[in-house]
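Dear colleague,

I am handing over the structure we spoke about, and my notes on it follow directly below. Please read them with the sequence and the structure open side by side.

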Amino acid sequence: MSFFIRKANKVKNTKNRKKNTVEEKKKARVTDEVSSESEAEFVDDSRFSKKRTADFNSESEEETAQEKKVRLAKKYLETIEKEEKEKAENEDYDDSAIGRRLKDEVLEKSGHLFKKVADNYLKSDLEDSRCFKNGHKLSVTCVCVSSNLKYLYSASKDCSVVQWCFQTCKKLKVISGVKKGNVDVFGHKSCVNCIAISSDDKFLATGCQSSTIIIWNAAAMEFIKSFSGHRAAITGLAFRKGFHSLFSCSADKSVKVWNLDEMSYIETLFGHEAPLTAIDSLTRERAITAGGSDCTIRLWKIVEESQLVFHGHTQSIDCFKLIDEQHFVTGGQDGSIALWDISKKRPVSKIINAHGSSQSVSNWITSIASFVNTDLFVSGSSDGEIRFWKCCDFKKIEPLFMFATMDDDQRERSVRNMQSLLRFCVGETSGTETTAAESQENVMSQERRSFLEGAFAGIQNVVEEMRKRICVVREYLQSGNNAQEALTALDDLLEFVSEIDNASDFHKIGGFDIFSPAISSSNSALQIRSCDLLAEIVQNNEYCQNAAIEYNLLELLVKTVDKDPDEEVKVKALYALSCLIRGNDAIQSQFESKCDGLSVLLRALQTNTESNKLRIKASFILTALCQEQPKFRHTLLNMGFVEQIVALLHEPHDKSHEFLLAALYALVSEHKESLTECRRSQLKLEMLLRQRIQLLNEKDEFREESEYCQQMLRLCFDNEEDSN
């Protein structure tokens, strides 16, 4: 949940809001991963939706587009005025409140809203607290609060979900856990790990240990839909603010995107190498996740189909929260708290031993909450303390005060880290005398013993399983039979090699032999899966990157990008190529000199297709090369990249332009000759940039592109006299 409760309500305005880009793009996709226990209910709801759509279309025919805008604007202002008056209660109503509200919403949507409030909070403010009790039989695992401050929702290890009145702290409704095998009642059959509510308070989502997500009517607490696409426990849920897009993360190392307007699955995102521990999202069409023991944070740009990876903790990252669209804070088992800017891969500021240490071992940071768009955030730890922190201009973190939730005796016995866990176990099982009756009670039951024996027996020998899948692919490559089995084997291998040790073992058992014939085959589906597998294996893995060079896969990927007739195959080959060369200076040099890779990138940029995915991927690689290999900038300039990119930017606007601008900015930064080329009057770049800024003004989905335009203007033209 959000630790801080806003007193101002977030207004629902779905009619005037743009439709989610991803939802439009993948609206019709069918997937087997979406399930429902109430098909009849879902069909009836669809009929209602059709009728509502027909009524809306009839209404739209009776008014012009301009009249509709005016009507919706008036309705929106009336809603804001009503909410501000309710907020004021008995105080004198201030007409300027509407203006301030509108201004804040515009700034928040653009990512520029930031309020300094941390200094206004005192420890004495914590005395005004609420206690919600006697709702669950076992430990509470997660909570969230409706945006109108009417309800609080909690979930527990007892599989139940409880709705509370936020003002009176009274229990309103309970959804009890369901016993396995009971199909007549809707509810969770295992521990509920996470909970989230949509910003308009319409949908409540809960996720449990048995990999099920359930969607509820938040006010009535009635079942709507269940999703069962994940293969392991659900560890986090987050709604995109202002939309009904739901992001979920799981112990299966994946992120899934769901559209609750259509009650459908959208897509799955892969990249983490360990079970995910947390997820968050704000207004933009992106999600950010913590990868637990892989010690990374990943920012997923959904529309761009790309991700940013952040490293900064030495042990598992267990929690994080977005402060705004540009900044976030993280905490982990190493006991540190870090402040991040998404434009930088390393923390801006870091507090070591943020909650102190026990027996020279840092106390784990177990939870973090942020007051969104302000300088205040809070952390919780295994030491039983809640600490308040101030974010100073996104440059450093300062402590404010702390609040203890346990007395000294409880703190002494608390399990704060792995060493204290071992001490606790040793203390509980040694040095004490037990009676025969007590000893008998502590003997493991036969049922539990059988369960554990079965669990151990089910552990797979991953290397042996990979060998079997490799043999299936080899058999297909040799005979051409059983193509579907080969594709399934590649999917299984992709899941296995997500662990970096398994990726290295894949090479050691001869798995790299399949890549050359598979990527060169006439089966485009096989080519695509093989490129995905290769990308997963070599990404951030120097051992496997060097192995790929030994198998001449660099030359093969370059050739595939340049010559293959299938656009999707080219895109996947370029993705694998990007994973192979990024972060490896030696391979980047071979790419440029031995493979003439820069010429291939230029031709990929010039390829014009409806989706422009190839152009986007090529721009992404070009940006990385300019940042990692500044020496390439001179070669790229001589090859005409500046002129080519500007020419592409003069074409009708599409989503590839953001990436072209990013590549151009990386190319001209700290390179005087490229700056001079950009200033050539024949290119008309300054006029283009100014026109583009006007075109993209106040369009949140193009905010980053607009920022690149402004940066290019400052770099190339505002400082033109100084550089001369």
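Trp389 stands opposite Pro399 in E27, and strand E26 (residues 385–392) is joined to E27 by eight bridges, the two running antiparallel; strands (E, at least two residues) and helices (H or I, at least four) are DSSP runs numbered from the N terminus, and two strands pair if DSSP finds at least two bridges between them. This is a predicted model, in which local features need pLDDT of at least 70 and side-chain atom pairs count only at pLDDT 80 or more, while totals for chains, interfaces and linings use all residues. Residues are numbered from 1 along each chain as its sequence is written, and side-chain values use heavy atoms, with hydrogens and water left out.

E26 and E27 belong to an open sheet of four strands, in the order E24-E25-E26-E27 with antiparallel pairing. Its edge strands, each pairing on one side only, are E24 (365–370) and E27 (396–404).

Helix H9 (residues 462–479) packs against helix H10 (residues 483–496) at an angle of about 150 degrees, with their axes 8 Å apart; the axes are lines fitted to C-alpha atoms over the stretch in contact, and angles run from 0 to 180 degrees between N-to-C directions. H9 is therefore roughly antiparallel to H10, a term for angles over 145 degrees. Among the residues that meet are Met466 and Tyr476 in H9 and Leu490 and Phe496 in H10, where contact means heavy atoms within 4.5 Å.

Across the whole protein chain, 49% of the 724 residues count as buried, that is, under 20% relative accessible area with a 1.4 Å probe, protein chains only.

Definitions and conventions
Buried means under 20% relative accessible area, exposed over 50%, partly exposed in between (1.4 Å probe, protein chains only). Angles under 35 degrees count as roughly parallel, over 145 as roughly antiparallel, 65 to 115 as roughly perpendicular and the rest as oblique.
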